[in-house]
Amino acid sequence: MREHYTASKFLPVAWIILSLLMLGVDYVTGPIIQFPVFYVFPIALATWYSGPWWGGALAAILPLGRLVFSMTWDAPWRTMEHVIVNTGIRIVAFLLLVFLIHKVITKSRDIREQRQAELKL
């Protein structure tokens, strides 16, 4: 059985750099404008090319980075409880994304292997 994930040692570095870039964009936009959809790119790419462990790690770490930013910004219209709940929601949503991408990978691999087996018959 062939593994889908690329064995490149460079890819985790790329995911970290891309994640830092997305965190930077999120920080620059400030507390009013939130773009958690930016986090989908490094999470999805890491899951697709390096596996669910990398995707899951980024799915947890990136929202926590946003949590750190929220602690430094002075935003009187929200409480820390709101920020923590929203961070938890983002982590769960991103972990669901990782799970679904991993399912697509495994199902497509199974279909490809089944077709190859049928062609050999």
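Guide: A crossing is right-handed if the near helix is turned clockwise from the far one by less than a right angle. Keep that in mind as we look around this predicted model.

Visitor: Which helices cross that way here?

Guide: H1 passes H3 in a right-handed crossing. H1 covers residues 11-29 and H3 covers residues 52-72.

Visitor: What makes H1 roughly parallel to H3?

Guide: Their axes cross at roughly 25 degrees and come within 11 Å. Angles under 35 degrees count as roughly parallel, so H1 is roughly parallel to H3.

Visitor: Which residues in H1 and H3 meet?

Guide: From H1, you have Pro12, Trp15, Ile16, Ser19, Leu23, Asp26 and Tyr27, and they meet Trp54, Leu58, Leu62, Gly65, Arg66 and Phe69 in H3.

Visitor: Why is Arg66 called buried?

Guide: Buried means under 20% relative accessible area. Arg66 has 2% relative accessibility, so Arg66 counts as buried. Not counting residues up to four places away in sequence, Arg66 touches a list of residues including Leu23, Asp26, Tyr39, Trp73 and Arg90.

Visitor: And how do you know that Pro42 is buried?

Guide: The cut-off is under 20% again, and Pro42 has a relative accessible area of 0%, so Pro42 is buried. You'll find Pro42 in helix H2, residues 40-50.

Visitor: Which residues is Pro42 in contact with, leaving aside its neighbours within four places in sequence?

Guide: Pro42 is in contact with Trp15, Leu18, Ser19, Met22, Leu58 and Leu62, with those neighbours left aside.

Conventions. Residues are numbered from 1 along each chain as its sequence is written. This is a predicted model: local features need pLDDT of at least 70, side-chain atom pairs count only at pLDDT 80 or more; totals for chains, interfaces and linings use all residues. Side-chain values use heavy atoms; hydrogens and water are left out. Axes are lines fitted to C-alpha atoms, for helices over the stretch in contact, and angles run from 0 to 180 degrees between N-to-C directions. Helices (H or I, at least four residues) and strands (E, at least two) are DSSP runs, numbered from the N terminus. Angles under 35 degrees count as roughly parallel, over 145 as roughly antiparallel, 65 to 115 as roughly perpendicular and the rest as oblique. Contact means heavy atoms within 4.5 Å. Buried means under 20% relative accessible area, exposed over 50%, partly exposed in between (1.4 Å probe, protein chains only).
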